[in-house]
Amino acid sequence: MKIKKLKTAKQLLDKEFGKEGTEKRKKFQQEAYSYYLSEILKSRRLELKLSQEELAKKVGKKRPYISRVENGEDVRISNFVQIAIALNLNFDLQPI
């Protein structure tokens, strides 16, 4: 019986989304990051037992906007920071 060699996450990403630096890989990374950030905001909103409507009022937006943010569709940095502050989240930028 031949044992298959396990693939690394990088190998799997390279195969599915192209090598680092390609447009397809950049698009995937942007979408993944937007999803990650949106999940943080949604989890915190639920933890604070706020509805989307209540959060929208706190940041001067409409409920559908909060929904789009939570779906990773519209995460502009200025709005992300505004929502994070309304949810009492610390926002810290650091070099990678």
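Student: Which backbone oxygen lies 3.4 Å from a polar atom of the side chain of Ser38?

Tutor: That's the backbone oxygen of Glu70. Keep in mind that we're looking at a predicted model. Ser38 itself sits in helix α2, which spans residues 23-47. Leaving aside residues up to four places away in sequence, Ser38 touches Val69, Glu70, Asn71 and Gly72.

Student: Is Ser38 buried or exposed?

Tutor: Buried means under 20% relative accessible area. Ser38 has 0% relative accessibility, so it counts as buried.

Student: What does the side chain of Arg44 reach?

Tutor: Arg44 is also found in helix α2, and its side chain reaches the backbone oxygen of Leu87 at 2.8 Å. If you skip residues up to four places away in sequence, Arg44 touches Leu87, Asn88 and Leu89. With a relative accessible area of 17%, Arg44 is buried.

Student: Which residues of helix α3 are buried?

Tutor: Start with the general idea: an α-helix has 3.6 residues a turn, so residues three or four places apart point the same way. Now the case here: in α3, residues 52-59, the buried ones are Gln52, Leu55, Ala56 and Val59. They're on the same side of α3 because they cover an arc of only 105° around the axis.

Student: What do the buried residues of α3 pack against?

Tutor: They pack against α2, α4 (63-70) and α5 (77-86). Now turn to the other side of α3, where Lys57 and Lys58 are exposed.

Student: What happens just after α3?

Tutor: Look at Gly60 there: it takes a positive phi of about 70°.

Student: Where is the place of Thr8?

Tutor: Thr8 is in the segment before α1 (9-17). Its relative accessible area is 42%, so Thr8 is partly exposed.

Technical notes
Residues numbered from 1 in each chain as written. Predicted model: local features only at pLDDT ≥ 70, side-chain atom pairs only at ≥ 80, totals over all residues. Heavy atoms only, no water. Helix = DSSP H or I, 4+ residues; strand = E, 2+ residues; numbered from the N terminus. Buried < 20%, exposed > 50% of the residue type's maximum accessible area, 1.4 Å probe, protein only. Polar contact = N/O pair within 3.5 Å; in protein donor to acceptor, adjacent residues only side chain to side chain. Contact = heavy atoms within 4.5 Å. Arc of directions from axis to C-beta.
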